[in-house]
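Hi everyone, thanks for coming. Let's have it up on the screen.

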Amino acid sequence: MIGLLVIADDLTGALDSGVQLARKGDRVAVSADPTMDVALLDDYDVLVIDAETRHASSDEAYRTVFELVSTACAHGVTRIYKKVDSGLRGNVGAEIAAALAASGRDHIDFVPAYPKMGRVTKGLVQYVDGRPLAQSVFATDPIDPVATSRIDELIHLESDVAVSPCDGSALKPGVDVFDCDSDEGLARIGRRLAEADDLVLVAGCAGFLETYPRQSSTPAYVPVCTRLSPKLSVLSGSVNAVTRSQLDFIEAHGAPRMHLPLAPVLSGSWCECDAIQLARDFVRVAQGAPLALLDTLDFCEAALFERRIHPSQAINQAMGRIAREVLEDGGRTLMVIGGDTLASLMTAMGIRTLEPMEEILPGVVLARFEDAGRERYLITKSGAFGADDLLMQVQQYLVEKQEVSAMPVDAYSLKLPHAVYSGANSLGRIPAILKGAGATKVAAFTDGSIRSRGLFDLVAKQVEAAGLVCEVFDDLMPEPTYEAAQATVDQFRSTGADFIIACGGGSVMDAAKLASVLDTDAYGVKDLLSDPGRARKCAPLLAIPTTAGTGAECTPNAIVAVPEQETKIGIVNDNMVPDYVILDAEMIRNLPRKIAATTGVDALAHCIECLTSKKANPMSDTFALEGLDIIMNNIMRACDDEDAIVEKNRMQIGAFYGGIAITASGTTAVHGLAYPLGGKYHMAHGVSIAMMLLPVLEFNEPACRTKFAQAWDRAHHGDKVLSTEGEKSRALLDRIGDIVRDLDIPTDLKEFGVKPEDLEGLVEAGMQQQRLLVNNMREVTAEDARAIYERLLR
């Protein structure tokens, strides 16, 4: 159900608002239809409506906003956000007054600042790039010039509602205007209003929505974009000076440019066939060019001066028709500048809603829509944002996106368990699972520690309830050698069991997975070290993890030690993916803190490694980002509080997502360089991963900065507001370092008997892990590996 309605006065502003919430994981719909029935979009968390009132009369704007807010309140929408232009153009006073009147509340919080874009508020005065609003580029806007810098005066041009500065004391009836001159200040205001439960009725720029919490408690929605052409066609209906400067800059750098002939458009002699012909001419001129431009600027100011008319609906309709034809050409990515032009395109193509997917740059949004059953994409920008080279930056984004998505669609795959059960009393599903699988005898893999803690009894009780015999193997050694794993497999084969239950951590899971594909004399565990593809499923497997970390319950991997090589090797085969998974937090309630910490960090490593792997793809990114978010925000409480059953179950889910990410992508140098530590020094897997995690991530940072920044945006929910990829990347690594430190995980190899003279052997063993090292975004040489190991010996 829609929890938040955002009302904008133009379409690009609506998209700019919607993407701030979409990037948090909410599902957002943007509509250009003010009469849209809110009830029709209950599948979305947020609805953003373009009321299309920027150029309407103040009376018409008031009526439109009043009706929208009244309808939303009647439908049960609990939060309303009146989005205003960052230059305070349009009917700001009338629309804020209408939202307040229709809501029935006594006040509306108004946060007009957007510090990231140079818009700040001090003492009821709005500033743009350090200058009062009435002395900025908005004062000379050819369509909506702003005549005053004072917010109270601007509102009172259209309304007599009281306007008061918010000085930190109690809010006053009317419009409460908040001062703000920094991103940190914006975050503080957001926190204050959220803590006071006062996000019910707010007005502001798109930037303040960055501080809003997610509207939905369901797992974050992660839209996936298919491949975009790196060639960019820009259609601009904006007459703003900022846009003019951007277009002139790109033209000066060689981009072909055409203009809409305003004289015939304004005279009424322009027709549909003229629009089609101009679009075809533009497509022809643009062919082969990285960037091509078509705008309304060539004669626009002259026409306005001579005729004293507002750029008419005819201009927008003409640009909408041309945009439709350019989009239909299909060979280039379309970028539309100006909300009126975008609205006309939607009208021309019958598009009801757009779904914002990604904020490429501040004010620049990638959106998708459906067109006759096809999924289409376009890029939008409001006119008054950005540096002169902004269009070059967008085109470079497309080039980089193409490079990332150049992998053919059949180059990655995803194999998942048949069914996954999570939450309270999930163990109670066991009898139904056994019955559905036609099981007649069960072999259960566990270990002595799990039995001594009574955890396996919870499982055995359910098997007994199903009326089946259970053969138990509980003498599995931690981190088994391939020979030890083979011995367990041989024991299993002698039982005649036709169903396997694995109740334990990664070692137990891996032994059970090997047993599920080795009921044969044709090959054994040692054979699979060199030829894992020959394994075939022999018995169905139910995985019940007793840690929240390895993700082994859903991966096709089994790790065994190879003593003669002093390392570990992963055997990978899709047939080893368990058939059923149960994630019941009771199985990890009493897990010792040390084990909970190291396995939790292992899960965190799975997510960040798979996100930054060379094999990363839309599927692995989806699960890696969600898993990272869950783990980073629950690991401390799950480890420190025995009764934090909700956080413990979340950790199970996060670890499971990390395992799925491994299945779709793969780990990298963190795991590759950690394996020799476990193989030679018998270090617990989670400890070795925690040790290697930060040094390898910092080594990878130059090559993974964008992905690290993406991870920070997804997993960070605090007050800190960062703007650059470098800042976000550094903050992510600092946070991961804090987690490892606060969980008291060792980070010194000397504690495990590693000596400086052992380095060469470690490097040699680490470099043998090419299966994982080739996934690393940054090439790892022997010298690089040596430097990373040396760091852990200092």
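By the rule used here, there are three cavities of 30 Å³ or more. A cavity is a set of points, on a 1 Å grid over the protein atoms alone, where a 1.4 Å probe fits but cannot get out. Grid points are joined across faces, edges and corners, and a volume is the space filled by probe spheres set on the points.

Before going on, please note that this is a predicted model: local features need pLDDT of at least 70, side-chain atom pairs count only at pLDDT 80 or more, and totals for chains, interfaces and linings use all residues. Residues are numbered from 1 along each chain as its sequence is written, and side-chain values use heavy atoms, leaving out hydrogens and water.

The second largest cavity holds about 80 Å³ of space. Its lining residues (an atom within 4 Å of a point) include Ala548, Ile588, Cys639 and Met651. Which helix gives the largest share of that lining? That's H19, with three residues.

Now to helix H2, residues 58-75; helices here are DSSP runs of H or I, at least four residues, and strands are runs of E, at least two, numbered from the N terminus. Ala61, Thr64, Val65, Leu68, Val69 and Ala72 of H2 are buried, meaning under 20% relative accessible area with a 1.4 Å probe, protein chains only. They sit on the same side of H2, because they cover an arc of only 120° around the axis, taken from the directions from the axis to the C-beta atoms. On the other side, Asp59, Glu67 and Ala74 are exposed, that is, over 50%.

Conventions:
Expected span 1.5 Å × (residues − 1). 1 Å grid on protein atoms, 1.4 Å probe; cavity = no way out; pocket = protein on both sides within 12 Å on 5 of 7 lines; lining within 4 Å.
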